[in-house]
Amino acid sequence: MPKQVFILNGKPVSVMAPDDVRVLWVLRDLLGVTGPKYGCGINVCKACTSHLNGRAFNPCSVRVGDLENDDRVTTIEGLPRESKGRTKDGLHPMQQAWLDHDVAQCGYCQPGQIMAAVALVNKVRREKRKIKDKDLDAIRNICRCGSYTRIREAIEQGARHMR
Ligand code: FES
Ligand code: FES
């Protein structure tokens with residue numbers, strides 16, 4: 001069985017897994033990183049949203065064999081270390097915004113929602129502009145509890161505090 005090597009939450013990891021196993025199952029079942037949630041497994045619900053080299057990706061749809069040794073996978077567990085603007089409790093500003101707006105209901109979709117939100121803020125910053133309503137409309141992460149209004153409010157707060 002091949003050895004799969006990549007960077008996970010800032011640290012190199014290696015794990016034995018067939019090339020065609022999707023990254024989500026490597027994370028959850030082999031490495032015990034359970035922040036990315038399994039919803040659909042076919043890149044629709046976005047519950048597994050994480051970052052690959054700083055951009056949103058869905059690990060249920062990427063073969064682990066397609067990762068390069070220096071690819072950086074970040075899950076919600078590693079998100080705070082990505083930010084220079086951590087709170088005194090060690091949270092990423094977007095996580096703090098989620099708490100301030102009491103966003104989560106059952107919570108299942110929320111790690112993916114936060115990872116999508118941070119990736120969106122970083123994307124619009126790369127484009128040197130501010131978040132617009134149409135950017136928020138374009139987020140495709142499903143919340144079966146319907147927390148969408150609070151998610152939008154939290155993203156706007158989190159964006160103001162991200163550095
Ligand atoms: S579990 Fe990955 S998109 Fe649904
Ligand atoms: S908070 Fe329950 S699915 Fe989003």
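What covers the buried residues of H5? The cover includes helix H2 (93-100), helix H3 (110-126) and helix H4 (133-137), with contact taken as heavy atoms within 4.5 Å.

**Basis of the model**

This is a predicted model, in which local features need pLDDT of at least 70, side-chain atom pairs count only at pLDDT 80 or more, and totals for chains, interfaces and linings use all residues. Residues are numbered from 1 along each chain as its sequence is written, and side-chain values use heavy atoms, with hydrogens and water left out.

**Fold and dimensions**

The protein has five helices and five strands, in the order β-β-α-β-β-β-α-α-α-α along the sequence. Helices (H or I, at least four residues) and strands (E, at least two) are DSSP runs, numbered from the N terminus.

The C-alpha trace spans about 45 × 30 × 30 Å along its principal axes. The radius of gyration is 15 Å, which agrees with the value near 15 Å for a compact globule of 163 residues; the radius is taken over C-alpha atoms, and the rule is 2.2 Å times the number of residues to the power 0.38.

**Burial**

Of the 163 residues, 45% are buried, meaning under 20% relative accessible area with a 1.4 Å probe, protein chains only.

**Helix H5**

Helix H5 covers residues 148-161. Its 14 residues should span 20 Å at 1.5 Å a residue, and its end C-alpha atoms are 20 Å apart, which agrees; the expected span is 1.5 Å times one less than the number of residues.

The buried residues of H5 include Ile-151, Ala-154, Ile-155 and Gly-158.

Conventions. Chains lettered and ligands numbered in written order. Buried < 20%, exposed > 50% of the residue type's maximum accessible area, 1.4 Å probe, protein only.
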